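Subject: Structure for you to look at, with notes

Dear colleague,

I am handing over the structure below, together with notes on what was found in it. Please read the notes with the model open beside them.

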Amino acid sequence: MAVNLPAILSILAFILISLPFSTQGPHNNMATVEFSNSLETFGVKLFSELAKTNPQKNIVFSPFSIQTCVAMARMGAAGDTAAEMDKSVGFTAANEEALADNYHSILAAYQDSNILKIANKIYIMKNYETKYKFNELLTKKFFSGAENIDFGESQKAANTINGWVESKTNNLIKDLVSSDSLNSDTRLVLLNAIHFKGEWVHPFPEHGTREKDFYLDETNTVKVRMMHISENFRYGEFPELDATALEMPYKNSDLSMLVILPNSRTGLAALEEKLKTTSLHDLTSKMYSTKVIVDMPKFKAEFSAELKDVLTNLGMGHMFSSNADFSKMLKSPEPLQVSKVIHKAFIEVNEKGTEAAAATGMLMRKKRALGYKIEPKQFIVDRPFVYLINYLAIATTAPSSESESSSNTTTSITLFMGSERIAMGEVAMGESTPTTPDSSTKRLSDEL
């Protein structure tokens, strides 16, 4: 029987509205590393805030989607608003062009990919125009097409926006924007959508999937469909996190899933807290290739959030206020402010791979070996865990003199991040797969 590939999706929407009038009026190694570090730091901060406000929920979101949407808004920001966004997100580029170039390098790398698709879009109120530089940066660097729309016809506008989102996320993200979030004061909607569908380099054999217990705490369990494989993976043990980690690569790409598993059945909260001050780049650099026996639950998760409070807590409250300065966006002198930042994400993990999607929208209105035989490690994911889907990027620094050679630095960018507290979507319905002699023999042979 054919198995559908899992999916990951993310959508983000920024909605900007008009404010009342007032009288106020090239890539290099270091830059790429700084950009990667800023993405990592911002993603961990976001994860911490979302976990804090959703303690009983499975979380999945796209740090890259959210930051891309913020970056598009940053192209049109000025003054204190721009400075606050730079500080909070960790933008270190000298100007808008340099910042846009960072995103362009990633977007261009996957522009024609069948595995990872990233799309950006701007909807502008009819009879309004964007300033030349803002439009040029978003069009050339973010590949973001602009389209005029009548937000006053809120239901029709919402249908158009949601239709675009669905088309870019394999119909996994629906109803991102509601009609009541749009009105005649809405001036721009900035959108980012990501869809990822990847096959494992080492797929889990379907005959190895069994019904097993997944611990919600020390004693309470639910039955899940647990996948099983014994293969060479990158693996690491981290006493400082009281956790172990496993990296599972995807075919034909620089993408991989990193699973961080607390040693304790109730260790997720402590792990999430420790990750705030942990460099994921340093963590993955300490991992090594070895034989690992893996049990991993099949799961699905969906998550949505309005990010105004989260971004305000991270230091970006200015853009939501009447003092916001987005004067570089529209030719019209109307002041603008962000009214909503909406994010939706979906992930499905199964034997063949992962499918995921996410979308983010910003609404604006009038204001990331050992060569000898050793005993296999065991990585049994039977308790809450953290996972990331990372893109591996290699930055090259040109030699500064004829006597020096160029150098490469490997960095990773987290496209999706989440925590699974309750394995959902593949919970067994009271029917266990009988273990036959043939299947038991086959499963044992997989581990040798």
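Leaving aside neighbours within four places in sequence, Asp150 is in contact with Met125, Lys126 and Ala157, where contact means heavy atoms within 4.5 Å. Asp150 lies in the loop between strand S4 (144-149) and helix H6 (154-168); helices (H or I, at least four residues) and strands (E, at least two) are DSSP runs, numbered from the N terminus. The side chains of Asp150 and Lys126 are joined by a polar contact of 3.5 Å, a polar contact being a pair of N or O atoms within 3.5 Å, of which, within protein, one must be able to donate a hydrogen and the other to accept it, while residues adjacent in sequence count only if both atoms are side-chain atoms.

Before going further, please bear in mind that this is a predicted model, in which local features need pLDDT of at least 70 and side-chain atom pairs count only at pLDDT 80 or more, whereas totals for chains, interfaces and linings use all residues. Residues are numbered from 1 along each chain as its sequence is written, and side-chain values use heavy atoms, with hydrogens and water left out.

As for the chain as a whole, it has ten helices and 16 strands, and 55% of its 448 residues count as buried, which here means under 20% relative accessible area, with exposed over 50% and partly exposed in between (1.4 Å probe, protein chains only). The protein chain exposes about 19000 Å², of which carbon and sulfur atoms supply 48%; accessible areas come from the Shrake-Rupley method with a 1.4 Å probe, and for residues only the protein chains shown count as cover.

Two of the helices deserve a note. In helix H7 (residues 268-275), the buried residues are Leu268, Leu271, Glu272 and Leu275. Seen down the axis of H7, these buried residues fall within an arc of 100 degrees, so they line one face of the helix, the arc being that of the directions from the helix axis to the C-beta atoms. In helix H3 (residues 79-89), the buried residues include Thr81, Ala82, Met85 and Asp86, and H3 is followed by Gly90, whose phi is positive, near 95 degrees.

Most residues other than glycine have a negative phi. Asn170, in the loop between H6 and S5, has a positive phi of about 55 degrees and is partly exposed, with a relative accessible area of 41%.

Some pairings link residues that are separated in sequence. Lys131, in the loop between S3 and helix H5 (132-140), has its C-alpha atom 5.6 Å from that of Met329, although the two are 198 residues apart along the chain. Not counting residues up to four places away in sequence, Lys131 touches Ser327, Lys328, Met329, Leu330 and Lys331. Gln337, in strand S12 (residues 336-349), is buried at 7% relative accessibility, and a polar atom of its side chain lies 2.8 Å from the backbone oxygen of Phe320.

On a 1 Å grid over the protein atoms alone, a cavity is a set of points where a 1.4 Å probe fits but cannot get out, and a pocket is an open set with protein on both sides within 12 Å along at least five of seven lines; lining residues have an atom within 4 Å of a point. Grid points are joined across faces, edges and corners, and a volume is the space filled by probe spheres set on the points. The largest pocket has a volume of about 290 Å³, and of the 13 residues that line it, the closest to its centre are Gln111, Lys117, Ile118, Ala119 and Lys168. Strand S3 (116-125) gives the most to that lining, with four residues. The largest cavity holds about 30 Å³ of space, and helix H1 (29-53) and strand S16 (407-420) each supply at least two residues of its lining, with H1 giving the most, four residues.

With best wishes
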